[in-house]
Amino acid sequence: MRLLKQLKAKMNPALTPLFTVMLFDHISVNITFPVLTFVFFSPLSSLFQSTTSLAERTLWYGVVIAIAHVGGVISAPIISSLSDALGRKPMLFIASMAAFVFGLTCTVGILYASLVFLVIGKLVGGLLSRTNPVALAVIGDISEPENKVVNMAYLQVVISIGAFIGPGI
């Protein structure tokens, strides 16, 4: 109980909006995994013809899952540099809008059984909705030196909660 009070006292209240954005960002990213698994591998799914082999379904599932991560590796340093040049809030806004576009295109892809929309959605999500580097920069900017590590730990807790809640929805 005493430790919880100490940690609460150290948290900067200005980080609450950032943590909220990060929570919803990671929920939106992680909500897709169980949905995409069903869409790609269920015999009832209309994304593929019923005669499509498991190997081909697995290949496309891997492409759709991996493309977001490859895009993130490419774009994370660019987004970090842009957040230095344009500001943290605009980049968080762009990333949030990209997460919306990601969700919308993936939804259209699932509803209309379009593999192209799924790939585009995951690519947009991977390239533009990478908020972690910007969030870490915000914490570095506004935290007192003695609280930076604690605030970064709070960020990791929020990310983990989003990753836990996302697939459950």
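Modeller: Here is a short tour of those topics, and please keep in mind throughout that this is a predicted model.

Colleague: Okay, the packing then. Which residues have the most contacts inside the largest nonpolar core?

Modeller: The largest nonpolar core has 16 residues, and those with the most contacts inside it are L18, F19, M22 and L155. The elements that supply two or more residues to this core are α2 (16–30), α5 (88–111), α7 (132–142) and α8 (148–168), and α8 gives the most, with five residues.

Colleague: What is L18 in contact with, if you leave aside its neighbours within four places in sequence?

Modeller: With those neighbours set aside, L18 is in contact with L92, A135, V138 and I139. There is also a second, separate core of 13 residues, which includes L47, F48, Y61 and F102.

Colleague: Switching to empty space: how do you even look for it?

Modeller: Rolling a probe the size of a water molecule over the atoms shows where empty space is left.

Colleague: And how much space lies in the largest pocket?

Modeller: The largest pocket holds about 330 Å³ of space. It is lined by 18 residues, and of these the closest to the centre of the pocket are S28, I31, A99, F102 and G103.

Colleague: Which element supplies the largest share of that lining?

Modeller: That is α5, which provides nine residues of the lining of the largest pocket, while α2, α3 (32–41) and α5 each supply at least two. By residue type, the lining of the largest pocket divides into 11 nonpolar, six polar and one charged.

Colleague: What about the second largest pocket, which residues line that?

Modeller: The second largest pocket has a volume of about 200 Å³, and its lining is made up of A14, P17, L18, V21, R88, K89, L92, V138 and I142. The elements giving two or more residues to this lining are α2, α5 and α7, and the lining residues divide into seven nonpolar, no polar and two charged.

Colleague: How many cavities of 30 Å³ or more are there?

Modeller: The count comes to one cavity of 30 Å³ or more, and the largest cavity has a volume of about 80 Å³. The residues lining the largest cavity are V29, A68, H69, F102, K122, G125, G126, S129 and R130. Two or more of the lining residues come from each of α4 (54–86) and α6 (115–128), with α6 giving the most, three residues.

Colleague: New topic: how many salt bridges does the structure hold?

Modeller: The structure holds two salt bridges. In one of them the side chains of D84 and R88 meet, at 2.7 Å from N to O, and in another D141 pairs with R88, the closest N and O atoms being 2.8 Å apart.

Colleague: Is R88 buried or exposed?

Modeller: R88 is buried, because its relative accessible area is 19% and the cut-off for buried is under 20%. D84, by contrast, is exposed at 57%, and D141 is partly exposed at 47%.

Colleague: Which parts does the pair of D141 and R88 tie together?

Modeller: D141 lies in helix α7 and R88 in helix α5, so the pair ties together parts that are 53 residues apart in sequence.

Terms used: Residues are numbered from 1 along each chain as its sequence is written. This is a predicted model: local features need pLDDT of at least 70, side-chain atom pairs count only at pLDDT 80 or more; totals for chains, interfaces and linings use all residues. Side-chain values use heavy atoms; hydrogens and water are left out. On a 1 Å grid over the protein atoms alone, a cavity is a set of points where a 1.4 Å probe fits but cannot get out, and a pocket is an open set with protein on both sides within 12 Å along at least five of seven lines; lining residues have an atom within 4 Å of a point. Grid points are joined across faces, edges and corners, and a volume is the space filled by probe spheres set on the points. Helices (H or I, at least four residues) and strands (E, at least two) are DSSP runs, numbered from the N terminus. A nonpolar core is a set of buried Ala, Val, Leu, Ile, Met, Phe, Trp, Tyr and Cys residues joined through side-chain atoms within 4.5 Å. Buried means under 20% relative accessible area, exposed over 50%, partly exposed in between (1.4 Å probe, protein chains only). Contact means heavy atoms within 4.5 Å. Ala, Val, Leu, Ile, Met, Phe, Trp, Tyr, Cys and Pro count as nonpolar, Asp, Glu, Lys and Arg as charged, and the others, Gly among them, as polar. A salt bridge is a side-chain nitrogen of Lys or Arg within 4 Å of a carboxyl oxygen of Asp or Glu.
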